[in-house]
Amino acid sequence: MRFFEYEAREIVKRAGIPVTDFGFTKDALEAKAIAERIGGPVVIKSQVLTGGRMKAGGVQFADTPEEAEAKAREVLQLEINGHVPRGVLVDPRAAVTQEYYAGVVWDGTRKQPVILFSDMGGIDIEEVAETHPDHVGRRHFSNLLPFADFQAKEVVASVGVTGPRLNRLVPIVTRLARVFVERDMTLAEINPLVELEDGSFVALDAHMEMENEARGRQQALLRDLGVGDEETRQAREATPFELAGEEVDAQDHRGVAGNVTEFDGDLGLVIGAGGGSLTLFDAVRKYGGRPANYCEIGGNPSVAKACGLAKLVLTKPGVDKIAVMMSIVSNTRVDIVARGVVKACLELGFDPAEKIAIFRIPGAWEEEGFKILEKYGVEYADRSVSMHEAARRAVEKVHGEVTA
Amino acid sequence: MSILIDAGTTFIVQGITGREAVNLTRECLDYGAARGTAGEAGGPIVGGVTPGRKGREVHGVPVFDTVAQAVEHHGGPIDGSVVTVPPAFTKDAVFEAIENGVKLVVIVTERIPRRDVAQMVELATLRGARIIGPNCLGIIVPDVVKMGGIGGPAKDAAKAYTPGPIGVISRSGGMTTEMSSTLTAAGLGQSTAVSIGGDAIIGSAYAELMPLFEADPQTEGIVIYTEPGGRMEAQLAAWIEEHDSRLPIVAFMAGKFMDEMPGMSFGHAGTIVEGKEDTASEKIARLQGAGIAVAEEISEIPDLMKARLAGREVTA
């Protein structure tokens with residue numbers, strides 16, 4: 001889950017890392033008031049969860065409070081990559097002498113967090129790593145031992161920083177590493193971390209992402225920041241169709257029948273489980289099919305949930321038929337899914353044999369499931385028909401004969 | 001032979017009184033019993049742990065409050081543990097197992113924050129233990145023993161898995177069975193199949209299991225299921241290039257469509273395209289660069305493997 005810059009800066013500030021005297025607002029008049037309080041030239045920064053803000057005109061400079069108001073009004077109305085800004089951040093324009101980068105991420109291969117530090121801040125760290133590898137320091141640290149200052153010192157010193165700068169940077173990097181761990185972040189980045197004319201350091205921009213699985217235990221912080229439980233902060237906001245999918249899944253606690261993502265095709269998919277869904281979605285596309293949606297069934301959902309998911313997909317505008325397919329199931333029961341999807345067709349007044357392009361779920365309780373499908377004339381397949389072959393047959397029913 | 005577990009393996013189930021754990025216990029006992037590998041105590045499962053439930057039984061398996069009690073009752077070290085407790089309690093359960101001498105921990109639980117997983121893995125490394133998972137279905141040695149829900153009820157597991165020369169490693173539990181069933185239908189049995197879990201950080205990635213398969217005389221080839229997200233395919237490719245592996249590998253990559261949707265996660269928590277190296281196309285190129293055959297469809301895997309096995313025999 002990604003934080004807005006104003007939230008990330010607040011997290012950094014709470015961790016004891018110096019920040020500028022910034023203000024956040026959704027209102028242009030209030031932006032003026034913040035600029036008055038700051039009492040000098042300011043920067044107005046759009047608060048959006050997307051990159052390319054500067055290029056799109058989402059960062060503006062203002063010399064007077066009046067100008068700040070005008071610029072804030074402009075930025076508040078500016079959509080960036082389809083994102084409407086949450087508000088603007090009003091920041092004093094800092095007299096910067098040097099820009100640094102400090103970040104902490106997970107290294108999934110080493111299974112430890114790694115600190116990245118560079119004396120070339122303000123640009124993308126991956127770019128610096130490619131063009132100036134000697135300017136990027138890296139240091140892994142233990143998950144079990146408490147984080148120690150010397151670890152921060154080593155990574156800062158590794159790019160050649162020494163003197164008073166080193167001693168001022170160490171506590172900042174230490175606090176960043178600690179906040180990464182304590183707040184279950186997957187990314188904690190200050191870029192740029194700047195040195196001002198008076199020799200002090202401030203975090204001028206921050207980017208934080210928290211692990212979704214840890215939201216429960218970070219509730220207090222999220223509440224303080226005003227992040228609602230309903231805010232998924234996905235790469236794109238959920239569509240009404242996707243929200244309806246969540247409702248289907250939430251109707252009872254047995255298994256999963258949801259994780260719906262909307263696409264614009266004509267073949268509805270009722271597929272599972274995790275890896276099976278990825279495989280089947282690719283398979284449909286490989287044979288020229290156009291999926292209307294992605295979804296996942298797993299963990300033995302109730303008939304009601306399977307039925308609810310099938311109904312949702314069947315009634316999506318533009319959907320001609322549905323394909324019900326999974327990898328071999330051992331926990332989910334074939335007969336329960338069969339009953340659910342047939343019920344969905346019947347309740348909507350459709351002929352299951354017509355609407356279900358193919359049913360390919362082999363595994364637990366398959367004899368019972370296949371009996372139900374046979375009764376309604378639905379084409380079904382056992383494990384002797386591969387997942388890709390099933391997908392091909394489904395596409396063929398919608399588009400006529402196909403080859404990859 | 002096999003890797004990780006064999007006919008003599010003993011294990012406990014932590015969280016044994018939960019609904020899924022009760023089923024899993026039944027399945028593992030049945031699988032062992034039907035194969036004639038059930039030990040004197042009635043199966044590979046020598047105990048279960050659920051705090052506050054000491055004195056109960058689950059399908060004849062005695063339940064204890066602590067792992068230490070289970071070890072004491074068993075009268076010696078216990079090899080493994082299947083952990084199926086809620087995410088908030090998993091770290092403690094795994095620490096308890098490791099600190100009581102358990103050397104192989106299969107974590108079934110999903111949705112555990114990465115920090116907890118990383119701590120468990122680091123402790124395991126310090127103690128010489130190994131973690132499989134989290135978010136996995138466990139390990140199966142066909143016709144010998146299964147540890148976890150992999151393959152489901154004994155009769156279903158027997159349909160999909162047969163003994164043979166292929167090691168299977170998969171980031172998806174369900175696809176472990178789908179691929180093994182396809183191999184079985186083509187006459188290629190499995191030495192051991194491991195569902196390694198779908199999370200961003202897992203106890204044992206491909207490259208960490210390769211040395212075990214390499215050392216297993218029964219294993220002649222490896223089949224892997226892989227997805228976008230993470231660096232473990234790059235790690236595998238690097239391992240192959242550094243070691244002169246005798247084992248041909250055939251891979252299947254799912255989730256190609258995700259390359260067009262950066263920042264979004266599908267299927268498993270670990271499948272998110274965050275950088276160029278995470279994409280399906282980049283991974284396929286990297287795997288192929290290391291000499292791994294990448295199948296377009298699951299059904300192509302057996303023929304690709306047979307060709308590689310035959311080719312190797314010719315050159316050997």
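This is a predicted model: local features need pLDDT of at least 70, side-chain atom pairs count only at pLDDT 80 or more; totals for chains, interfaces and linings use all residues.
Chain A contains 14 helices and 16 strands. Along its principal axes, the C-alpha trace of this chain spans about 80 × 50 × 40 Å. Of the 404 residues in chain A, 57% are buried.

Four strands of chain A form an open sheet in the order β1-β4-β2-β3, and their pairing is antiparallel. The edges of this sheet are β1 (23-25) and β3 (59-62) of chain A, each of which pairs on one side only. From one strand to the next, the twist averages 25°. Within the sheet, strand β2 (residues 42-46) of chain A is joined to strand β4 (residues 88-92) of chain A by five bridges, in the antiparallel sense. At one position along this pair, Ser46(A) stands opposite Val88(A) of β4(A).

A further set of pairings in chain A involves strand β5 (residues 96-107), which runs antiparallel to strand β8 (residues 185-196) and is joined to it by eight bridges. Glu99(A) has Val194(A) in β8(A) as its bridge partner. Strand β5(A) also pairs with strand β6 (residues 112-118) of chain A, again in the antiparallel sense, over seven bridges. Here the partner of Gly103(A) is Leu116(A) in β6(A). The two strands β5(A) and β6(A) form a hairpin, with four residues between them. In the turn of this hairpin, Lys111(A) has a positive phi of about 65°.

Among the helical residues of chain A, Val179(A) is placed in helix α6 (residues 163-182). Its relative accessible area is 6%, and because the limit for a buried residue is under 20%, Val179(A) counts as buried. Val179(A) and Trp106(A) are separated by 73 residues in sequence, and their C-alpha atoms are 13 Å apart in space.

Six of its six residues are buried, so β12(B) is largely enclosed by the rest of the structure. In a regular strand, side chains alternate between the two faces of the sheet. Both faces of β12(B) are covered.

The pairing of β12(B) involves two other strands of chain B. Strand β10 (residues 163-170) of chain B pairs with β12(B) in the parallel sense over five bridges, and Ile169(B) stands opposite Ile224(B) in β12(B). Strand β13 (residues 249-253) of chain B also runs parallel to β12(B), to which five bridges join it. In that pairing, Tyr225(B) has Phe252(B) of β13(B) as its bridge partner.

The second largest pocket has a volume of about 280 Å³. Its lining consists of 17 residues, and those nearest the centre are Lys111(A), Val121(B), Thr125(B), Gly203(B) and Glu208(B). Lys111(A), named here as part of the lining, is also the residue with a positive phi in the turn between β5(A) and β6(A). Two elements of chain B, α4 (114-127) and β7 (130-132), each supply at least two residues of the lining. The largest share comes from α4(B), with six residues. By class, the lining of this pocket comprises six nonpolar, six polar and five charged residues.

A disulfide is a covalent bond between the sulfur atoms of two cysteines. A search of the whole structure finds zero disulfides over all chains. Cys28(B) is in no disulfide, and the nearest cysteine sulfur, that of Cys136(B), lies 12 Å away. For Cys136(B), likewise in no disulfide, the nearest cysteine sulfur is that of Cys28(B), at 12 Å. Cys28(B) counts as buried because its relative accessibility is 0%. Cys136(B) is buried too, with a relative accessible area of 3%.

How values were computed: Residues are numbered from 1 along each chain as its sequence is written. Chains are lettered from A and ligands numbered from 1 in the order in which they are written. Side-chain values use heavy atoms; hydrogens and water are left out. A disulfide is a pair of cysteine sulfur atoms within 2.5 Å. Buried means under 20% relative accessible area, exposed over 50%, partly exposed in between (1.4 Å probe, protein chains only). On a 1 Å grid over the protein atoms alone, a cavity is a set of points where a 1.4 Å probe fits but cannot get out, and a pocket is an open set with protein on both sides within 12 Å along at least five of seven lines; lining residues have an atom within 4 Å of a point. Grid points are joined across faces, edges and corners, and a volume is the space filled by probe spheres set on the points. Ala, Val, Leu, Ile, Met, Phe, Trp, Tyr, Cys and Pro count as nonpolar, Asp, Glu, Lys and Arg as charged, and the others, Gly among them, as polar. Two strands pair if DSSP finds at least two bridges between them. Axes are lines fitted to C-alpha atoms, for helices over the stretch in contact, and angles run from 0 to 180 degrees between N-to-C directions.
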